[in-house]
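I have put my notes into numbered points, and I hope they are handy as you look through the structure.

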Amino acid sequence: MAAPPPGVRHHGINVGMMQIGTVTVEGVSDGSLQAPPTLMFNKSDQDWLQHSQFLDEEGMLPIEMGGFLVRSGDRLALVDTGIGPHADPDRTGRFMKNLTALGVHPSEITDVVLTHLHFDHLGWATDGERRLFGNATYRCHEADWDFFMGSVPFDDSLAVSLMGGRTSSELLPPIADHLETWSGDGRILPGVDVRSAPGHTPGSTVIVISSGTERAMLLGDVVHCPAELLSDDWEMIGDVDAQLARRSREALARELEGSDIPAAATHFPGLRFGRLLAAEGHRQWTFD
């Protein structure tokens, strides 16, 4: 695996960047929020002592918001688009500025790939009335589209009230006429494959970036914090189907363990890549 190039800085924060053969993946930060770790997971303060590397100095869990810019051939694709401009104005709402800092105008984006349709992953996809990436094809799993935009749309108003933003059902309608969905695993763009990992939502997806024999993974919300990959007894409050989400996460951990495959997720601090190591029978996570 080729060594990653140096990260870039968004508002003083190192942001993940990875070169996969001829494909470049760059984190696009929308800012970050903080939460008590026990609020999000079925773990006690005592449990978190062994995972303190993922907490800040106040014992809070930093929750990154944002997405990833994938440069592959003539395609400029975004994988997720952050929480949007309506959350905490002091901490979030920076996605478009940081995209511009990478030398990309919204009109140049060819594809917007949504790992799932929670509001904090599509906050900049639209403003509720128009698409904000006017020349892009929007892409998601058809199971998520049916779930969030069905006859009884999923109600994420409670999460929105806690974190800010706008509900999925408010943000999704403008993309309906420019939407392509997938239903199975496979390639959707050059160097970009989708793999179903349901549970967090029905269509929750892992994105596999590949070039030649090299590959990396973007984990969506299959994993929110690397600590979830270190043991199999985690549960996240936002999972639609907790048992199915756990099976998806366990399968992912088995695949990543000791593989040297770099992986990142939208909520990892700084959108940084890391690797899951097999060390003396215990998994360990290291950031690149």
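1. Let me begin with a question: where is the place of Val104? Val104 sits in the loop between helix H3 (95-101) and S7. Please keep in mind throughout that this is a predicted model.

2. Staying with Val104, its relative accessibility is 2%, so it counts as buried, the cut-off being under 20%. Leaving out residues up to four places away in sequence, Val104 touches Leu69, Arg71, Leu76, Leu99 and Ile109. Asp146 is another matter: 42 residues separate it from Val104 in sequence, and their C-alpha atoms are 32 Å apart in space.

3. Now for the chain as a whole. The protein chain has seven helices and 16 strands. Its radius of gyration is 17 Å, close to the 19 Å that the globule rule gives for 288 residues, so the chain is as compact as a globular protein of that length. Along the principal axes, the C-alpha atoms fill a box of roughly 50 × 45 × 40 Å.

4. Of its 288 residues, 54% are buried. If you take the contacts between residues at least 6 apart in sequence, 67% of them join residues at least 24 apart. The accessible surface is about 12000 Å², and carbon and sulfur atoms account for 48% of that surface.

5. On charge, the protein chain carries 21 positive and 41 negative side chains. The centres of these two sets lie 4 Å apart.

6. Phe133 deserves a visit. You will find Phe133 in the loop between strand S7 (111-113) and strand S8 (137-141). With a relative accessible area of 0%, Phe133 is buried. What is Phe133 in contact with, leaving aside its neighbours within four places in sequence? The list is Leu78, Thr81, Phe95, Met96, Leu99, Pro106, Ile109, Val112, Trp124, Ala125 and Tyr138. For Val112, which is 21 residues away along the chain, the C-alpha separation from Phe133 is 8.0 Å. Two names on that list, Leu99 and Ile109, are also touched by Val104.

7. Next, Ser210, which belongs to strand S12 (residues 205-211). Is Ser210 buried or exposed? Ser210 has a relative accessibility of 17%, and because the cut-off for buried is under 20%, Ser210 counts as buried. The side chains of Ser210 and Arg187 make a polar contact at 3.0 Å. Residues up to four places away in sequence aside, Ser210 touches Ile20, Val23, Arg187, Gly191, Asp193 and Arg215.

8. Phi of Asp80 is near 75°, a positive value in a residue other than glycine. Asp80 lies in the loop between strand S6 (75-79) and H3. The relative accessible area of Asp80 is 0%, so this residue is buried.

9. The other angle is at Asp260, again not a glycine, where phi is positive at about 65°. Asp260 is placed in the loop between helix H7 (242-256) and strand S14 (263-264). How does Asp260 count at 41% relative accessibility? Asp260 counts as partly exposed, whereas Asp80 is buried.

Conventions: Residues are numbered from 1 along each chain as its sequence is written. This is a predicted model: local features need pLDDT of at least 70, side-chain atom pairs count only at pLDDT 80 or more; totals for chains, interfaces and linings use all residues. Side-chain values use heavy atoms; hydrogens and water are left out. Helices (H or I, at least four residues) and strands (E, at least two) are DSSP runs, numbered from the N terminus. The radius of gyration is taken over C-alpha atoms; the globule rule is 2.2 Å times the number of residues to the power 0.38. Buried means under 20% relative accessible area, exposed over 50%, partly exposed in between (1.4 Å probe, protein chains only). Contact means heavy atoms within 4.5 Å. Accessible areas come from the Shrake-Rupley method with a 1.4 Å probe; for residues, only the protein chains shown count as cover. Lys and Arg count as positive and Asp and Glu as negative; His and the chain ends are not counted. The place of a charge is taken as NZ of Lys, CZ of Arg, CG of Asp or CD of Glu. A polar contact is a pair of N or O atoms within 3.5 Å; within protein, one must be able to donate a hydrogen and the other to accept it, and residues adjacent in sequence count only if both atoms are side-chain atoms.
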